[in-house]
Amino acid sequence: MPVPRPRIVKETRRPVAEVEPPSACLVRPHEWLSEESRSEFESALRSGRPLPLYISEKAERKIREHALKYAPRRLEVMGFLLGEVSSWGGVTYAIVRDVGTTELRSSSSKVRFDPEAFPKLFHELDGSGFDYVLVGWYHSHPGHTCFLSRTDLDTQRTMFDQPYHSALVIDPINRDIKTFRLAGDSYEEVPFALFPSAEVEAERRPRRRKLKIEPATMG
Ligand SMILES: [Zn+2]
């Protein structure tokens, strides 16, 4: 699905703040992780270092429900991962607080945003009161497992080439989910953790004066 590079009208460039990631006792693995992904998650957690990616339960639910809604017709869905990039102990990690999507043109093996829908998407994001950074994208592979196709990889290279940019792929039929990042000429799976939105927001809010957190209204 080669997509035109969107004009990010509201991406905030700001220095990476030193913020502790969601604590190990609050985070959990996704229920759909394969045995292998789950053991990667556990060893990453045991290392005591920040995981590459943390996803709020609210964002995860939106992604899963989006993918499941179109699964009966075997249609792919996609959207953006929105959140922030922070650093802790010299390790940079990304937090996904919410997702944004818009009208899609999709089939069972291709999906793209309707180009005319971009202005609408970014208008909605502007109105969300949420000072976000685009930290990656998600899309579904209904029934064909989680990996990056050649076009997915092209999308990643074109639009998401920063070290903190992730690609989340969810297969709502096989109940599988994986997150990937670019690695050299190819890509690699990276572990991610889910965190409960409310507790972690309460912990992080006082430290981040600039971050306004309000429920986003994008679909
Ligand atoms: Zn794909």
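Ground rules. Residues are numbered from 1 along each chain as its sequence is written. Because the model is predicted, local features need pLDDT of at least 70, side-chain atom pairs count only at pLDDT 80 or more, and totals for chains, interfaces and linings use all residues.

Confidence first. pLDDT is the predictor's confidence in each residue, from 0 to 100. The protein chain averages 83, and 78% of the residues score at least 70. Two stretches stay under 50: residues 1-12 and residues 206-219. Beyond four places in sequence, the model has 25 contacts for residues 1-12 and 26 for residues 206-219. A contact means two C-beta atoms, placed from the backbone, within 7 Å. Where pLDDT is low, the predicted coordinates should not be read in detail.

Now the fold. There are five helices and eleven strands. These are DSSP runs, numbered from the N terminus: H or I of at least four residues for helices, E of at least two for strands. Of contacts with a separation of 6 or more, 76% join residues 24 or more positions apart.

What share of the 219 residues is buried? The value is 37%. Buried means 20 or more other C-beta atoms within 10 Å of the residue's own; exposed means 12 or fewer; partly exposed is in between.

On to the core. A nonpolar core is a set of buried Ala, Val, Leu, Ile, Met, Phe, Trp, Tyr and Cys residues joined through C-beta atoms within 7 Å. The largest one has 38 residues, and Tyr54, Leu81 and Leu82 are among those with the most contacts inside it. Elements giving it two or more residues include strand 2 (53-56), helix 2 (57-70) and strand 11 (192-195). Look at Leu82: its contacts beyond four places in sequence include Val96, Tyr132 and Val135.

Strand 11 deserves a stop. Phe192 and Leu194 point one way, Ala193 and Phe195 the other, and all are buried. In a regular strand the side chains alternate between the two faces of the sheet. Strand 2 and strand 11 run parallel, joined by four bridges. Tyr54 has Ala193 as its bridge partner there.

Last, the backbone. Arg74 is not a glycine, yet its phi is positive, about 60 degrees. Arg74 sits in the loop between helix 2 and strand 3. Is Arg74 buried or partly exposed? Partly exposed, with 16 other C-beta atoms within 10 Å.

How values were computed. Pairing = 2+ DSSP bridges.
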